[in-house]
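Look at the model, then work through each answer.

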Amino acid sequence: MGEPGGYRCVECNREAPELYRDYQRGVLRIAICKSCQKPVDKYIEYDPVIILINAILCKTQAYRHILFNTQINIHGKLCIFCLLCEAYLRWLQLQDSSQNTDPDDLIRYAKEWDFYRMFGIASLEQTAFLVGIFTALWLARPESLKTKSDFVFLLKALLLSSYGKLLLIPAVIWEHDYTPLCLKLIKVFVLTSNSQAIRVTLNLSQKLTLLAILSGLILENGIVYLFQRMGWNV
């Protein structure tokens, strides 16, 4: 993402002017961090699959490499796709609970609008979760979110770290008796990834990070409760 502050050492989080030096003719030398005397970013030599595995394991170094030392601009598309996955899962569960098999056009249109409604609800819940996180961080550590770029950078990090929601589709396609458990584990994995993204982006303590995630969950569940009070099946 490369914002703000430029490159970072994946080991000690200090700023670095460069990741490697090009001596031409295909000769590259990884830059050494002046603070910890280790390679600034060892992952520039790694295969993307290895980087992904390290990110799945929530390794801090891998997150620093992805968030600070790469140019990834798929945050918006990834967010939309994740919301579509979540909306599809909820829509499918709603259809399973309905016993109406009438092929009438009106019924089909109603089912289509149900999907749009689920997408809207998922979007509102995601927004509430993010607002809860930003509010908690702004109240607890206002200096960490001083500028608009700080907000945007953290938002991109949170959206990117929500990639685990893509696992919702395989969990539904290969439906099994353990599917509800899988969905809960996916939720835990996404929250863990979000927590790691906050820690890496703002260099915060684990306690404050967990507080921010908890605040997001409280506001998100508040929105769910509000929809349920309105009689909506979410």
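Helices are DSSP runs of H or I with at least four residues, numbered from the N terminus. This is a predicted model.

Q: Where does C58 lie?
A: C58 sits in the loop between α1 (48-56) and α2 (60-68).

Q: Why is C58 called buried?
A: Buried means under 20% relative accessible area. C58 has a relative accessible area of 16%, so C58 is buried.

Q: What makes the phi of C58 worth a look?
A: Most residues other than glycine have a negative phi. C58 is not a glycine, yet its phi is positive, about 60°.

Q: How do you know whether N13 is buried or exposed?
A: The cut-off for buried is under 20%. The relative accessible area of N13 is 11%, so N13 is buried.

Q: How do you know where the second largest pocket lies relative to domain 1 (1-71) and domain 2 (73-230)?
A: Both domains give residues to its lining, so the second largest pocket lies between them. α1 and α2 each supply at least two lining residues.

Q: What lines the second largest pocket, and how much space lies in it?
A: The pocket holds about 290 Å³ of space. Its lining has 15 residues, and L52, I66, I72, L160 and Y163 lie nearest its centre.

Q: How many residues of each class does the lining of the second largest pocket have?
A: The lining has 12 nonpolar and three polar residues, and no charged ones.

Conventions. Residues numbered from 1 in each chain as written. Predicted model: local features only at pLDDT ≥ 70, side-chain atom pairs only at ≥ 80, totals over all residues. Heavy atoms only, no water. Buried < 20%, exposed > 50% of the residue type's maximum accessible area, 1.4 Å probe, protein only. 1 Å grid on protein atoms, 1.4 Å probe; cavity = no way out; pocket = protein on both sides within 12 Å on 5 of 7 lines; lining within 4 Å. Points joined across faces, edges and corners; volume = space filled by probe spheres on them. Nonpolar A, V, L, I, M, F, W, Y, C, P; charged D, E, K, R; others polar. Domains from an automatic or database assignment.
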